Amino acid sequence: MIRRTILIISLLISTNLLICQEPVEKQLEAVKEILQQGEYDSAISVLYGMADEFKENTDVIGKIYIRLGTAHCIGNSIDAGLKYYKLAFELGQEQANNSLISKALLGLGAAYHSLDSLDKALHYYSLSIPLLEIEGDTSNLSGVYSNLGLIQSGKAMINDAYSSFKKALFNQAKSKDSIFMMETFFNLGMALSKSGLHEKALVYLDSSRYISHLTNSTEGLSRATRQMAIEYYYLDNFRASSSYFFSYDSIGHDLFHQSDKEKILELETKFKTAEIERDNAFKQAEIAQNKRQLLLLSLFALFLTITAIAIYLFLTQRRKRLKIASEKQIQGLLQEQEMKTAYALLEGQDRERKRIAAELHDNLGSILVTLNMYADALQDRKPEEMKGLAEKIGETAKLANDETRKISHSLDSGLIKHFGLEATIKQLTEAVSSARNLIFHLSIQLEDTLGSEFSLEIYRIIQELINNTLKHSKATKVHLELTHVSGSLNLIFEDNGIGFNKDEIMRGMGLKNIENRVQKLDGELTIDSSPGKGSTFIIEIAQL
């Protein structure tokens, strides 16, 4: 992981060089492409030729030195890379060129980092920070703070590492770098795990997992899911650990890593013991002809049951943790912010828990009963009758899977907690735009920070509006304006779809949900729509 981060920093240095004369810029871009293809010797040869050609041009030679340092370091010639970074640093001092100095310091830190000379790496990274802040270089700042966090966590400097990772996340959020945010959340979770803070580690690992899902990063999703399973194992929560190991396995990665064999073996033993006890009567009735089929059905039913129980336990345990946290003295700015968020969400989570419990009992529970009845019926049926029953079992299992996915989706509000309402709305609209032919024009002005529960209600209203647009309007463009000024909030949602007749249309669940949420916030909903002229929804909430 450290080596990978250092190479990223080196590439950042390469790609953030100041724009020079067009012929030199084209040559440097060509060198970058050669480096990306792994032909380090060829790239270095070209750069040596450029260094000889432009040796009298002090504005260009510094950029070439930086590129030479990067090329040597990526090609594992670290000593040569250090030489050119130092030349660039000296030239930057002569010219009083802060940009060149900051990139040389950053390169020196990355080079010593790859050599495991951690004290020197810390020294040069720290020197580069003030210059990068002056330049407003948020991209390289996020990389420096991330590398500092890795070094500090390796030295068991958990408080310093925590601070560095948080600063990296701040700069990554400013530059909207989702991939680096995913990596930083994961590294922060691993640092907390090494210090025995497994519950706090789960918070940041879950954020990494969520961003991996949004960015379609299969590798990041697999890694975060697997580590969350291990964290739950350390907390003796074997059910949650089993659930996450199942999710990890479904992504298509091998669970049995050498360092975790003993933990996974123990977990599998507990799981299989429970499985044998549950399915003992069923296995005794199996016949040779359908043994494999019945066993697979039994495992699938058990998996659905464990998933449903895990969802219910997750909601219950989370509510208990928030109640316990309210009785303790909160230390530090981060813990204080987390508690404020917990209090704001507590009432909404309680209502959501009751709703999810009802859905588990009424919907998923009845589906699982039906599935078990079909499975029992297989034991007494003739071979020619089994095909029809198997088809019914498949259809029922699909219903159970869809219901589980629906319930799981309703639980997801983690992005609001970490990034606030504005960032969450932007993530939602970007995800919809990439998946569907729908363009969003956003205008968001929030004068003050809104409470977590209130933000979640507004987010759910916007979700319902977008869902209605996707399902019914056939729109290609949406204008969304959200304004919060002087304690009043106004939301305007306008699409260019086919519209509808307000007096004739039957109000479905989507519009009812919107009306109920607006009414709960003491707000007013106005709908303006007619066939062929699109639809406009105006929501006004006065004096929050």
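Is the crossing of α12 and α13 left-handed or right-handed? In this predicted model, the crossing of these two helices, α12 and α13, is left-handed, and the paragraphs below lead from the chain as a whole to this pair and then to other parts of the structure.

The protein chain has 544 residues, of which 44% count as buried, and its secondary structure comes to 20 helices and 5 strands.

Helix α12 and helix α13, the latter made of residues 238–250, pack at an angle of about 160°, and their axes are 8 Å apart. Angles over 145 degrees count as roughly antiparallel, and α12 and α13 are therefore roughly antiparallel to each other. On the side of α12 the contact is made by Ser222, Thr225, Arg226, Met228, Ala229, Ile230, Tyr232 and Tyr233, while α13 brings Phe238, Ala240, Ser241, Tyr244, Phe245, Ser247 and Tyr248. Sorted by class, the residues of this contact of α12 with α13 divide into 10 nonpolar, 4 polar and 1 charged.

Is Ser217 buried or exposed? Buried means under 20% relative accessible area, and because Ser217 has a relative accessibility of 15%, this residue counts as buried. Leaving aside residues up to four places away in sequence, Ser217 touches Met182 and Ser212.

The crossing of α3 and α4 is left-handed. In their contact, Tyr40, Ile44, Leu47, Tyr48, Met50 and Ala51 of α3 meet Ile61, Ile64, Arg67, Leu68, Ala71, His72 and Ile74 of α4. By class, the contact of α3 with α4 has 11 nonpolar, 1 polar and 1 charged residues.

From the helices we turn to the strands. Strands of a sheet pair through backbone hydrogen bonds, either parallel or antiparallel. Here an open sheet of 5 strands has the order β1-β2-β3-β5-β4, and its pairing is mixed. Its edge strands are β1 (439–446) and β4 (524–529), each of which pairs on one side only. On average, and with direction ignored, neighbouring strands of this sheet are turned by 5° against each other. Helix α19, residues 452–473, packs on the sheet and touches β1, β2, β3 and β5 (535–541), and the direction of α19 makes about 10° with that of β3.

Two of the strand pairings can be followed residue by residue. β1 and β2 pair in the parallel sense over 8 bridges, and the bridge partner of Leu442 is Leu480 in β2. Strand β2 (residues 477–485) is also joined by 8 bridges to strand β3 (residues 488–495), and β2 and β3 run antiparallel. Val478 stands opposite Asp495 in β3, and the bridge partner of Val485 is Ser488 in β3. In the hairpin of β2 and β3 there are 2 residues between the strands, and Ser486 takes a positive phi near 55°.

Where does Gly534 lie? Gly534 lies in the loop between β4 and β5, and Gly534 is buried, with a relative accessible area of 3%. Although Gly534 and Asp495 are 39 residues apart along the chain, their C-alpha atoms are separated by 5.6 Å. Not counting residues up to four places away in sequence, Gly534 touches Asp495, Asn496, Gly497, Ile498, Gly499, Asp528 and Ser529.

Two further loop residues complete the tour. Asp116, in the loop between α6 (98–114) and α7 (118–135), has a positive phi of about 65° although it is not a glycine. Asp116 is exposed, with a relative accessible area of 58%. Lys474 has its place in the loop between α19 and β2, and Lys474, which is not a glycine, has a positive phi of about 60°. At 68% relative accessibility, Lys474 counts as exposed.

Conventions
Residues are numbered from 1 along each chain as its sequence is written. This is a predicted model: local features need pLDDT of at least 70, side-chain atom pairs count only at pLDDT 80 or more; totals for chains, interfaces and linings use all residues. Side-chain values use heavy atoms; hydrogens and water are left out. Buried means under 20% relative accessible area, exposed over 50%, partly exposed in between (1.4 Å probe, protein chains only). Contact means heavy atoms within 4.5 Å. Two strands pair if DSSP finds at least two bridges between them. Helices (H or I, at least four residues) and strands (E, at least two) are DSSP runs, numbered from the N terminus. Axes are lines fitted to C-alpha atoms, for helices over the stretch in contact, and angles run from 0 to 180 degrees between N-to-C directions. A crossing is left-handed if the near helix is turned anticlockwise from the far one by less than a right angle, and right-handed if clockwise. Ala, Val, Leu, Ile, Met, Phe, Trp, Tyr, Cys and Pro count as nonpolar, Asp, Glu, Lys and Arg as charged, and the others, Gly among them, as polar. Angles under 35 degrees count as roughly parallel, over 145 as roughly antiparallel, 65 to 115 as roughly perpendicular and the rest as oblique.
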